[in-house]
Structures are given as C-alpha cells and as structure tokens.
Amino acid sequence: MTSEHVSRSDVRARFSAAMSAMYRDEVPAYGTLMDLVARVNEEVLAARPDLKSRLEATDNLERISQERHGAIRLGSAEELAMMRRVFAVMGMHPVGYYDLSTAGVPVHSTAFRPVSEAALRRNPFRVFTSLLRLDLVADESLRQTAAGILSERRIFTEGAIELTEKAEREGGLSHHDADRFVAEVLQTFRWHERANVDADLYRRLHDAHRLIADVVSFRGPHINHLTPRTLDIDKVQALMPQYGIAPKAVVEGPPARNCPILLRQTSFKALEERVSFRDGQGGWKAGTHTARFGEIEQRGIALTPKGRALYDRLLKEARNIVRPATDGSNAGAYEKILAETFAEFPDSWNEIREAGLGYFSYSLTEKGRAAAPSGAVDTETLIAGGLIQFDPIVYEDFLPVSAAGIFQSNLGDGAHQEFVAGPNQRRFEDDLGARVLNEFDHYAGIERASLGACLTALGQRLAAE
Ligand code: OOG
Ligand code: NI
C-alpha cells in the first residue's frame, strides 16, 4: 500500500454502508428494523452507564451503530475463489468452517471478516458465505442441469474483476478506484427480479431444496439478509410486531444472561417477492420467490474450546427436551427449558475466566499503570491486587446450530431434510483456494498478547504454556 491508497478498512466501511443503503432500498422492512435497533441501543446505553463506559474504554462504542453482517450463497468453486479475492481487497478474510449439511441445509460455509483488532474497531463488517453442495442432490440429471447453469453465469462485473486484479498487483486502490470498486462489487449482491430459469425447472430445484432454487435460479448471489447488532435482543424481538415486522418464533443461541456469551440472533421471516421466470418463448411469466429477510444479533464473549463444549452440550440438552417449532407454539416452554439448562453455565465474568470458559483482554488499571516493576508475582495476584483488569473479548463469528435455525425458520418445519454427508473442510478450502483461520487460535492469541503486554509493563514475564 502507498500513501495514495485507501486503507482496506476504509474500502470495507464504504462497502458496508453502500450495501446497507442498497438493501434498505430493496427491502424496506430492513430499514424499519434498523430504526428500531438504533432506538433500543440508545435506550440501553442511557439506562446502563457502566456498559457505556466499558464500551468506550475498550473503543467499542462507535462501532456498534455501524455494525452488521450479511449473508450470500454461492454456486461454484470458481465463484467462491473469486469472492475470496474480492473480499481480501476490503481486508476481509475467511474465518471458521461451518458444516450445515447435518442440519438439513445443503451448504458449507465460512465468514469473511476483518481479523485484527484495529480493523474490527474501524469497521467489523462480515459476510457469512455459503457454498452450495450440489453433490448432496440425489437426482443426477437435476444435479447436472444445475451445474451447467452455474458454470455459465458470471456473477462479477468486468470492472470488479479488473479492480480486484489491480488492487492485488499494486497493493491497494486509490480513492477514485475504491469508489468504482465498491459500485462494481455491489452489483454482485443485487436482487434480480428476472430468473435464469423457467418455472418448471425452478419447481424441480425448489423441490430438491428451496435453497438450491435460490442459488441456481438467479444471475447472482443476492444478499439475503443484513444484520445490525443490538444491545438488547429481547427488547427488539418484543417490539418488532409494534413496528409491523413479524419475528421468528424464538431467539437462537444461548438464553438471556447477566454475562452474554457467544451470539444470540433472531430474524423476521423471509418475504415472498414477485419474480419472473422464462416462459420458453422469449417472454416472461410471473411467479414468486422467498429468500430475503432481516436479522438482528447480540454479541457476547468468545468462548474457549472448553466453554464452547459446555455451550454445545447444554444447548443439545435443552433441545432434546423441547425443540422449538417454527410456528412459535412452544416458544415459552423452550425459553424456560433453555434458561434452566444454562443455569449450569457460570454467570459472572470472573467465574467464567477462572473456569477457563471464555477469552478475555487484559489491561492495566490506573493503579497498575502507576505501579513500579516488582519481582515475580503471578497473574492472579496482580488481578486480586487491582493492578490488572479484564474485559470479555467479543465473539466475532457464527454458530452452526443458530445458522441452521435461521435457515430453517425461512423454510418452514415441513421442509426439514436430512443429508447423508459429513463436514468436508478440506474440500471447501480447496475450492476457496486458501485455508480458513481457526477462530479459537485467533482469540487465544489476542488474549495472550494482551496479558503479555500488561506483564511486560509490570516487569513480569508471561509464563510459558
Ligand atoms: C445464512 C444463515 C447464517 C447467521 O447469522 O448465522 C447466518 C443464510 O441464510 O444464507 O447468516
Ligand atoms: Ni445472519
């Protein structure tokens, strides 16, 4: 990068804003949801000065109102590999591998997101990116037809490809090129009212799985939702109907707690939208397609593998007792069981830390900054002595069970299907043309670096692991 280049984070921030404006325009209910989230976030901050000051101190206050993620579904390895290069221009890299086939959804996925703390602070825009697994389609002829259609479509404009290559060659983009890049790449995420296929083929694809129809039938991978971050998801969920939005039955993820863990998400149901199908005689025939929705999320602490295993076990236990129905008929019972089951998960930051369940960022307190370097003292003593403090590290990734719940709420209970498949991360990474970053290693690295910096400042050394 040279001084005339725009930083990757700036390109990402521009892109995220442009995407939000486009989606607001395309799906007005998303705009309503944004307004509701902004109102609730303001109320929460006004009512909880403690939360506000911790967010300010950790430089996380600013990002909350701009924060969002989106999701797309791609059809081929070539599309995925090119998408990786496009996102890299915006400083977004593949983190994590999610296998959704076991949840009845024929895709596997990663999240493209900024990775460094500075980049996340500047703009944390993420895109949950799924690749269709046509190998899971049983009908051989349908599979070949779908593969043929996907191999012919071009989801990136010439301009987007040229500018991506230029950024790769020159290490960045000028202001002028960055604006062009944003406008060109945005085209890939646009909605297409006209399908690529006729109504019969659409029906066959749809019968194989609605998601297959969504990927194969259109010219591009329209953004299917955008998700602002809220500080009180239960409040937004409760207020949605007043704003004329129908929420899904239950909030996905952990129950409401004092100390939020991982990620809680809910959405409004996908809209039935008018589209037209080819009529086989050069004309068009009216129809509908249901794919796009809006979602909100509340983020909590990133859990260690031990914490995640506890989370997964408790969630499974709760769902073995009550499985939430998409029509909301057992929502109350599910919430009650979930809260009871999760009583086993410690609910104070210090207990979570001491049990090794979550990742924390350590910093010096005022007293710590004023302290003279001392002889060897262990970290716990420094914390107990008020020299070092700790804040939860925010979970920046996704949860496969929740993602499947979001997919499923848009498909309806009737559409539940099982696929005989296992995770295939290696295949996904080969298609992507890169390895995905392991999120646990990444959080552990942030925690270790923060503690190391405190100890160095206090004249201590971080004990070898
Ligand atoms: C992606 C669903 C996953 C999330 O927030 O877990 C997701 C999709 O529907 O394409 O966005
Ligand atoms: Ni989402």
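Start with the metal: along the sequence, the donor residues of the nickel ion (ligand 2) follow the spacing H-x155-H-x69-E. In this predicted model, the ion is held by His69 (NE2), His225 (NE2) and Glu295 (OE), at 2.1 Å. Donors here are N, O and S atoms within 2.8 Å of the metal (3.2 Å for Na, K and Ca), and water is not among the atoms, so sites may look incomplete.

Buried means under 20% relative accessible area, exposed means over 50%, and partly exposed is in between (1.4 Å probe, protein chains only).

Now zoom out. The protein has 20 helices and 14 strands; these are DSSP runs, numbered from the N terminus, with helices (H or I) of at least four residues and strands (E) of at least two. Its radius of gyration is 23 Å, close to the 23 Å that the globule rule gives for 465 residues, so the protein is as compact as a globular protein of that length. That radius is taken over C-alpha atoms, and the rule is 2.2 Å times the number of residues to the power 0.38. Of the 465 residues, 54% count as buried.

Next, a helix pair. Helix α5 (residues 77-89) and helix α19 (residues 425-432) have axes that come within 7 Å and cross at roughly 65°. Axes are lines fitted to C-alpha atoms, for helices over the stretch in contact, with angles from 0 to 180 degrees between N-to-C directions. The two helices are therefore roughly perpendicular to each other, a label for 65 to 115 degrees (under 35 is roughly parallel, over 145 roughly antiparallel, the rest oblique).

Which residues meet? Ala77, Leu80, Ala81 and Arg84 in α5 meet Phe428, Asp431 and Leu432 in α19, where contact means heavy atoms within 4.5 Å. They divide into five nonpolar, no polar and two charged.

Glycine 433 is partly exposed, at 48% relative accessibility. In space, its C-alpha is 8.2 Å from that of arginine 84, although 349 residues separate them in sequence.

A note on conventions: residues are numbered from 1 along each chain as its sequence is written, and chains are lettered from A and ligands numbered from 1 in the order written. Local features need pLDDT of at least 70, side-chain atom pairs count only at pLDDT 80 or more, totals for chains, interfaces and linings use all residues, and side-chain values use heavy atoms, leaving out hydrogens and water.

How values were computed
Ala, Val, Leu, Ile, Met, Phe, Trp, Tyr, Cys and Pro count as nonpolar, Asp, Glu, Lys and Arg as charged, and the others, Gly among them, as polar.
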